[in-house]
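Reader: I'd like to learn how to read helix packing from a set of coordinates. Can you walk me through a case?

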Amino acid sequence: MEKVPNVMAGGADLWNSNQMGDQSNQIFDSRHPDGRVVRYGIREHAMASISNGIAAYSEGCFISVTATFFMFYLYAAAGVRMGALNNLKVIHVATHDSIGEGQNGPTHQPVELDSLFRAMPNLLYIHPADSEEVVGAWITGLTADTRPSIISLARDPAGWLIKNTDRVKVKKGDYVLVEMEKTDVTLISCGSELKFACEVASKPTQNGIARRVVGMPCIKLFEEQPIEYQDLVLSSSKEAISDEAYISSMWARFCTASVAINSFGHSGAGREKFARFGVDTDGIIGKGKAAPREHASNSDGLSS
């Protein structure tokens, strides 16, 4: 915040858990009217709505930022929607964004919430996979002057890096990380699950199935790219399989099959739960082997 002095940020009770940094010297209250961090308490709707008001006060004057767990943006959804409806530049930082959240269980694991925000007009839902893409997500949010953004973050270590991720390419919505010639299957993923797709691609080719990997941190930005770019990224394989620990509804427009979740989450350790629901490396390999058979027997080309 010291490097962007016009940021006015706030958190709904979880600032430290959101890892937004120690801003105790900048808390806004009656004694410190010059503070730039608002303690909203457990008031997610108020947080989003007040942040809209700050953004609307004077165009380009303030950059509003909010933060809480992704699950709790369900309480803030009406405020987020009004920000999108009014073309307001607000950046929402949504952490603990999947079944990897852990021991708090399914009440804190937003398996379906991405579909709401991905479907919301004029809102960028960005799901970066590592620290390099997180930088790209912030660049994208800070330069999106007429629409709000949600940066959806996992609990993975901050230093986690996936080979070939690119902060600049995040603004395109998706891009190729692993390319192979004569590719039978393209794996499309984002967030925590992208590392599983890359692990699959690093394994020796099995049963003649070559694999390329596409990272898609923002579906909406990808759909705004020229059709030539979309074809270049997605059209070189017979099968396209998504892998994300959410309900698969948003992937049907791109994929012939999905490795996904069709239930609420479960309490337990992060990586263990990815295996439990079959959205890890082994789950992708199993879906890759089955995809041609499922595709042939499914008239609409989809499998979940």
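Predicted model: local features only at pLDDT ≥ 70, side-chain atom pairs only at ≥ 80, totals over all residues.

Reader: Which residues of α1 and α2 make the contact?

Author: On the α1 side you have His45, Ala48, Ser49 and Asn52, and α2 brings Ala78, Gly79, Val80, Met82 and Gly83. Sorted by class, that contact holds 4 nonpolar and 5 polar residues, with no charged ones.

Reader: What numbers describe a pair of packed helices in general?

Author: You give the angle between the two axes and the distance between those axes. Here, the axes of α1 (residues 44–57) and α2 (residues 77–85) come within 7 Å and cross at roughly 20 degrees. Angles under 35 degrees count as roughly parallel, so α1 is roughly parallel to α2.

Reader: How many residues of helix α5 are buried?

Author: In α5 (residues 194–202), 7 of the 9 residues are buried, so to speak "mostly covered". Among them are Leu194, Lys195 and Phe196.

Reader: And where does UniProt place the "transmembrane region"?

Author: The unreviewed UniProt entry puts that feature at residues 54–76. In the model, this span is 17% helix and 30% strand, and its end C-alpha atoms lie 16 Å apart.

Note on methods
Residues numbered from 1 in each chain as written. Heavy atoms only, no water. Axes fitted to C-alpha atoms, helices over the stretch in contact; angles between N-to-C directions. Helix = DSSP H or I, 4+ residues; strand = E, 2+ residues; numbered from the N terminus. Parallel < 35°, antiparallel > 145°, perpendicular 65-115°, else oblique. Contact = heavy atoms within 4.5 Å. Nonpolar A, V, L, I, M, F, W, Y, C, P; charged D, E, K, R; others polar. UniProt positions renumbered as here; feature names shortened; annotations may be inferred. Buried < 20%, exposed > 50% of the residue type's maximum accessible area, 1.4 Å probe, protein only.
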